[in-house]
Amino acid sequence: MDDLSLEDLQAALQTVQNEKSAIKLSDRNVVELVNKLQECGLLGGDLLHTVNGREYVTADHLKTEVIDTVSSTGGRIAVVNLPAQLAVDLLHCEHAAQQAVAESNGQLRLVQGELITVEYFDNLAAEIDEILQAGGVVPLATLAAQFTLGSELLMSVVTARINKTIHGRLEGGLLYTSAYIARIKSQMRGGLRGAASPVNIPHLLKRIQLDDLPTGSNIVSNVIDELIKEGSIRGVLRGGGSSFTPAIYAKSQQEAVKRFYEQNNYIGYDTVAKLGIAASKQHLQTTFPDGIALESAFVSPSVIHQLDASAEDAAASGSWCDVQALLPPALSHEDASALLEHCPIMQSAGKTKGSTSACSVHAGTCIVSTALQQELQQQLLSAARQAAETAQQDSKAASKSAATSEPSPGQAPKPDSSKSGGAAATADSDDDDWDMSKTKGGKGKKAGKKKTAGKAKGSAQAASAASKQRTSKASKPTDAAACSALTVHNLTDQILELYPDMEGAGTHGKLAQALATCLRPAVLAEFDKAMAAVFVAGAESRRRRRDLIAHEAQDSWQHLQLYLQGCQLFADEEGTSTALQRHLVRTTATSLLDWLLHYQDVDNQEEAAASGPSSQDQSSLPAVPMSLQDRQALLARAPPDLAPALKAAADTIGNTADAQSAQQATQAAAEAVGLRLKPLDKKAEKALVQAQQDDLQAQLADHTDPAAVLSLVVPLLVMQVRGKAITVPGRALAGIIAGLRTSLESDSFELLQSYHQLVVNHLRAMSAETPSEPELGVMQEQLATKLQAIKSMAGVRRK
């Protein structure tokens with residue numbers, strides 16, 4: 001067959017095709033045969049069958065049919081329409097369409113599911129040009145809807161063919177011809193050339209019958225800009241192309257602004273706005289570079305020179321002036337204040353400090369000379385000192401009134417002793433319950449002061465700090481009441497009385513108030529200084545008084561501890577111990593409580609309120625112990641934070657015979673009032689015992705009364721043989737003497753016991769309703785005989 005020519009092969013094929021087949025195959029047999037040939041690889045893998053399954057087509061042939069179909073439909077067909085045209089599945093049609101587009105070298109495009117040829121776009125452009133030439137203008141949106149194309153696709157097609165196939169201009173989504181633009185340009189030129197005032201462009205378009213232009217186009221704005229650049233019209237397009245201002249109008253505006261400014265030396269922004277000038281401040285700053293821009297107006301520098309001259313006159317004459325009266329009425333108070341800041345004299349005043357400046361600005365618009373301000377300050381300072389004197393007088397009067405309305409804690413007569421139980425002589429009703437330690441306690445306390453003065457002073461200083469807060473609080477009402485006379489309102493009234501012409505001057509007519517506000521700190525400082533001069537003197541007096549009371553309280557506290565240790569000697573004898581402790585509670589513990597009450601009440605006492613700077617001594621201390629009524633009065637007016645502890649101590653002392661409980665209660669009360677009571681150490685105890693012993697011996701040497709001698713001898717003997725100090729009530733003498741049996745020689749003990757019995761008998765005989773004179777005489781003789789021997793037991797010799 002290799003020797004056969006093409007013509008021979010074609011003739012052979014023709015012969016085979018003309019021969020009739022002896023065997024006919026069914027459609028199913030053909031399909032099976034084709035499938036078998038495909039499996040054997042004899043037909044290739046690109047054989048596709050049609051939708052009806054009766055025909056087969058290759059991929060290349062399908063691609064060719066797709067191209068032919070696009071051409072037959074005018075160059076545009078949707079891919080979804082190909083299966084109906086070609087009887088092939090959509091998937092194979094899409095694949096064939098993609099191959100056709102890829103091999104078309106840009107002549108065929110697949111856009112938004114459609115196959116479109118370049119020839120179609122060319123024909124479309126020619127059709128658009130026909131529409132454009134007929135109408136002069138056509139929106140792209142209308143064309144996109146008409147040809148069912150996307151706006152972006154249509155834009156790209158039209159843009160590529162402008163001035164080629166499409167003879168026109170594309171701008172802002174519009175296609176228009178040069179003739180259309182020329183017609184609009186001619187109409188706008190005629191409408192704007194005759195304008196002498198700002199023209200509203202939409203209104204003008206309506207009048208010249210151009211209001212049918214598509215909305216959103218910039219044709220008119222571009223046309224007007226071209227006319228301005230060409231010089232066909234003169235003016236400015238403003239407001240985003242909505243308004244046109246002719247040059248002649250702008251010139252007249254500028255001349256009107258300049259004329260007003262030169263005639264009045266200022267021009268208001270509202271005036272400029274009425275002339276139709278926008279951004280008036282920026283316009284004026286550009287037109288008048290040397291001017292001053294204020295809040296509501298633009299001012300010429302000549303106004304500054306006028307204000308500066310007025311300020312210099314006020315400073316030189318020591319007076320004041322309101323510059324608002326010198327300025328045009330159109331300028332506000334804020335404008336006047338801003339102008340004053342530009343005055344040279346005020347700028348120099350701002351650079352100087354204090355009173356060295358010649359003048360200052362008050363109430364926004366008023367210039368006040370420094371001389372006038374200083375004169376006014378001196379007069380107000382004098383009024384402040386007078387107010388301080390009045391406040392002090394009112395404070396003293398109020399203190400006296402408060403003192404007369406409450407029971408005075410210092411009215412009770414002061415006993416002979418504050419340590420040994422000044423009120424114990426009448427505490428019990430028994431005949432033998434007599435206490436001869438009154439005189440002893442007084443001098444014992446005096447001796448104790450010398451040993452513990454330093455410690456008590458330290459405690460008083462530490463505790464006085466706790467009451468300073470209450471002291472300051474007590475003085476605040478007086479200060480506040482006095483300051484109410486120095487309020488801004490009252491000071492303003494005083495200034496207006498001195499200078500009535502200041503009324504109504506300044507911003508909102510508040511010149512006098514501004515001066516009062518400025519001078520008030522100095523006035524209040526002067527008032528505080530005057531008040532402090534008196535208060536410091538009173539505070540120093542109260543401090544001294546508090547120190548003295550703290551010293552007495554510390555002394556009572558040390559004696560309470562000292563005597564409590566002495567009571568421990570007789571702990572085994574219940575009756576004696578109870579009597580000693582009850583007596584200690586009613587005397588020394590009660591005195592300590594009274595001192596604590598006086599300590600916290602120093603600020604309320606009439607003596608402290610009325611005291612001057614002169615020093616106070618022991619004679620000015622309040623009486624201790626107090627009466628029950630005075631003690632209750634002090635408790636009633638104790639501060640709320642101190643009252644619970646003080647009342648608890650008072651209740652404990654009044655309801656117990658346990659000296660230990662009384663000691664704890666008074667210590668808690670002392671801590672509450674801020675007084676630190678120091679414990680009794682060995683050294684202080686030894687010194688107190690020795691001082692007590694020396695004092696009792698000195699008293700014993702001068703006494704001849706048998707009962708008094710016995711009350712002094714017994715504590716002395718206890719101190720000598722036991723080394724402890726006690727305070728002895730009358731009913732406890734027998735028990736104490738019995739307790740000395742083992743510590744004294746038998747002769748001395750019998751002498752002491754017999755002397756005690758004689759004293760008791762003598763007192764009973766004297767208290768009888770009908771005393772027997774002979775019997776009393778015998779007793780007195782016996783007591784006198786044994787007196788010296790009793791004194792000798794205590795170490796006291798005959799003088």
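**Salt bridges and cysteines**

Tutor: Let us begin with the charged pairs: the structure, which is a predicted model, holds 10 salt bridges.

Student: What is the general idea behind such a pairing?

Tutor: Side chains of opposite charge can pair when their charged atoms come close. In this model, lysine 63 and glutamate 103 form a salt bridge through their side chains, with an N to O distance of 2.5 Å.

Student: Which parts of the chain does the pair of lysine 63 and glutamate 103 tie together?

Tutor: Lysine 63 belongs to helix α3 (residues 59–72), while glutamate 103 sits in the loop between α5 (90–102) and β4 (108–111); the pair therefore ties together parts that are 40 residues apart in sequence.

Student: Is lysine 63 buried or exposed?

Tutor: Lysine 63 counts as buried, its relative accessibility being 13%, because the cut-off for buried is under 20% relative accessible area.

Student: Which residue forms a salt bridge with glutamate 526?

Tutor: The partner of glutamate 526 is arginine 385, and their closest N and O atoms are 2.9 Å apart.

Student: How do glutamate 526 and arginine 385 stand in terms of accessibility?

Tutor: Glutamate 526 is buried, at 18% relative accessible area, whereas arginine 385 is partly exposed, at 34% relative accessibility.

Student: Where do arginine 637 and aspartate 601 lie?

Tutor: These two residues form a salt bridge, with 2.6 Å between the closest N and O atoms. Arginine 637 is in the loop between α24 (628–636) and α25 (643–655), and aspartate 601 is in the loop between α22 (574–600) and α23 (606–610); the pair thus ties together parts that are 36 residues apart in sequence. Both arginine 637 and aspartate 601 are buried.

Student: Which residues are linked in a network of salt bridges?

Tutor: Lys185, Glu226 and Glu230 are linked in such a network.

Student: Let us turn to the cysteines. How many disulfides does the structure hold?

Tutor: In general, a disulfide is a covalent bond between the sulfur atoms of two cysteines. The structure holds zero disulfides. Cysteine 366, for instance, is in no disulfide: the nearest cysteine sulfur belongs to cysteine 321 and is 7.7 Å away, whereas the cut-off for a disulfide is within 2.5 Å.

Student: Are cysteine 366 and cysteine 567 buried or exposed?

Tutor: Cysteine 366 is buried, with 0% relative accessible area. Cysteine 567 is buried as well, with a relative accessible area of 4%.

Note on methods
Residues are numbered from 1 along each chain as its sequence is written. This is a predicted model: local features need pLDDT of at least 70, side-chain atom pairs count only at pLDDT 80 or more; totals for chains, interfaces and linings use all residues. Side-chain values use heavy atoms; hydrogens and water are left out. Buried means under 20% relative accessible area, exposed over 50%, partly exposed in between (1.4 Å probe, protein chains only). A salt bridge is a side-chain nitrogen of Lys or Arg within 4 Å of a carboxyl oxygen of Asp or Glu. Helices (H or I, at least four residues) and strands (E, at least two) are DSSP runs, numbered from the N terminus.
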